[in-house]
Amino acid sequence: MKSKFKANYNNTKAESRNIAKFEMPVEDVYAGKVVSYAAVFGDDGSILSGGTGFGFLVEYKELKFFVDDQYCIDPMCECDAVRLVFLKINERTGIAHDLFTIRVHFKNEIEIDDKLTRYTKEEIKKIYDHWLKSDPQIKDILETRYRKMKGVGQSLVERHLSKKSHKHTAGIEQKKIGRNDPCPCGSGKKYKKCCGKPK
């Protein structure tokens, strides 16, 4: 019990250090730029930005897919989704290549981006379903990570606000998004049909 408590304490401490180290312009936070979980909490950064970190490894029919999970970290956005980039790594060069992307809404459906890939939507759905069956806790893990990444965004905003006096920052942090502009969370929908939809 004591060793379990100590491990949890050390993990929490390490996560707090990673959050404190992570830097990103606050304008990008408000614009809904997606950030890889590995970029914040990985030891060597995300595989997509030249590091070696990735979120998950999925094995399907003797194929290995590396999955980079990415999140909108704007604390004001209620997109409630994760972007999963499925990658293959060239063993000779070590370079990662995007194969396809899935946007998973925690309460609804999934959106599959099958552009520029040799996989059909049906094949992508099979790979994703196989992953969920092989590890039923994946959705819970993704939701936990979503909340952590929103906390990262909140931390960045608070740090930004603490550096500026209130009178200099009041009303200028958040860029106005038009109703017909693309939603900053990356869904591809108009803002009014996505995060800007009346609750």
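## Rings, charges and a pocket: worked exercises

In this predicted model, the charged end of Lys-148 sits over the ring of Phe-41, 5.7 Å from the ring's centre. Keep that arrangement in mind for the first exercise.

**Exercise 1. Find the ring that lies under the charged end of Arg-145, then describe the setting of this arginine.**

*Solution.* 
- Step 1: Look for the ring. The charged end of Arg-145 lies over Tyr-37, at 3.9 Å from the ring centre.
- Step 2: Arg-145 belongs to helix H5, which covers residues 138-163.
- Step 3: Decide whether it is buried or exposed. Its relative accessible area is 16%, and the cut-off for buried is under 20%, so Arg-145 counts as buried.
- Step 4: Setting aside neighbours within four places in sequence, Arg-145 touches Tyr-37, Gly-55, Phe-56, Asp-69 and Tyr-71. Tyr-37, then, turns up both as the ring under the charge and as a contact.

**Exercise 2. Work out how the rings of Phe-65 and Phe-86 are arranged, and which parts of the chain they link.**

*Solution.* 
- Step 1: Start with the whole structure, where a search turns up ten aromatic pairs.
- Step 2: Check this pair's geometry. The planes meet at 70 degrees, and over 60 counts as edge-to-face, so that is the label for Phe-65 and Phe-86.
- Step 3: Check accessibility. Phe-65 is buried at 1% relative accessible area, and Phe-86 is buried too, at 0%.
- Step 4: Widen the view. Both rings belong to one aromatic cluster, together with Phe-56, Phe-100, Tyr-119, Tyr-128 and Trp-131. Phe-56 also brings us back to Arg-145, as one of its contacts.

**Exercise 3. Describe the largest pocket: its volume, its lining and the make-up of that lining.**

*Solution.* 
- Step 1: Get the volume, which comes to about 370 Å³.
- Step 2: Go to the centre. The lining has 20 residues, and those closest to the pocket's centre are Arg-83, Thr-101, Ile-102, Ile-112 and Asp-113.
- Step 3: Sort by element. S4, strand S5 (96-105) and strand S6 (110-113) each supply two or more lining residues, and S5 gives the most, with six.
- Step 4: The lining splits into seven nonpolar, five polar and eight charged residues.

Methods:
Residues numbered from 1 in each chain as written. Predicted model: local features only at pLDDT ≥ 70, side-chain atom pairs only at ≥ 80, totals over all residues. Heavy atoms only, no water. Phe/Tyr/Trp six-rings, centres within 6.5 Å; stacked < 30°, edge-to-face > 60°. Helix = DSSP H or I, 4+ residues; strand = E, 2+ residues; numbered from the N terminus. Buried < 20%, exposed > 50% of the residue type's maximum accessible area, 1.4 Å probe, protein only. Lys NZ or Arg CZ within 6 Å of the ring centre and 35° of its normal. 1 Å grid on protein atoms, 1.4 Å probe; cavity = no way out; pocket = protein on both sides within 12 Å on 5 of 7 lines; lining within 4 Å. Points joined across faces, edges and corners; volume = space filled by probe spheres on them. Nonpolar A, V, L, I, M, F, W, Y, C, P; charged D, E, K, R; others polar. Contact = heavy atoms within 4.5 Å.
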